[in-house]
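Here is my note on this model for your reading. Please keep the structure open beside it as you go through the points.

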Amino acid sequence: QVSDKIIIKPTFKEYDSKSGEIVLTLDPKMSFGTGDHQTTKICLIFIEKYLNPGMNVLDAGSGTAILGIAAAKLGAEKVIAFDIDEWCFDNGIENTKLNYVGHKVEIRKCELKDIEEKDFDLIIANIQKNILLELANGFKSRIKQNGILILSGLLEMDRDAIKQKYSSNGFEEIDSLQMDDWIGVVFKK
């Protein structure tokens, strides 16, 4: 249980959902994103808080596609979830089918530079600091004005470098959350 609303369930467990709960069914295999890690939980909490129905969402470094699936189940109109890893590509497709969101979540095996769409309302990236620093310009060019950017995969000691890089790219920090040593930061363009 990530929040009052979001529950993560592996395929091999039974769970009777309560009214209003959103259950994410996953078969993680070799991909990152089982929902156990603090950074995944932070991202899910922020998606629940900042996603508005009808948004276009980009899930960068999607792993199991758990974050993109959650966005779709919370009302996103369209989600593009991408990763460079073949395991993640296959697992993401499988997990979107398990959650009946294949019509809303498109899984791609590519890099950010290969994403041609530039109209995202919300971008989520749960990746380590050095990659997030590299992707700042790419996120800036693909997110709408006033769009929301959720970053995690970060340690508390990464905060200053991330804040400096994204602030210099036209983003303003509007929220953050820490679980153990891990943090997530929300920016607005």
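1. N126 is buried, with a relative accessible area of 11%. Here buried means under 20% relative accessible area, exposed over 50%, and partly exposed in between, with a 1.4 Å probe and protein chains only. N126 lies in strand 6 (residues 120-126). Helices (H or I, at least four residues) and strands (E, at least two) are DSSP runs, numbered from the N terminus.

2. A word on the source: this is a predicted model, where local features need pLDDT of at least 70, side-chain atom pairs count only at pLDDT 80 or more, and totals for chains, interfaces and linings use all residues. Residues are numbered from 1 along each chain as its sequence is written, and side-chain values use heavy atoms, leaving out hydrogens and water.

3. What does the side chain of N126 reach? It reaches the backbone nitrogen of G153 at 2.9 Å. The side chain of N126 also makes a polar contact with the side chain of T39, at 3.1 Å. A polar contact is a pair of N or O atoms within 3.5 Å; within protein, one must be able to donate a hydrogen and the other to accept it, and residues adjacent in sequence count only if both atoms are side-chain atoms.

4. Strand 1 (residues 6-10) is mostly covered, with 4 of its 5 residues buried. Strand 1 runs parallel to strand 2 (residues 22-26), and 5 bridges join them. Two strands pair if DSSP finds at least two bridges between them. I7 has V23 of strand 2 as its bridge partner.
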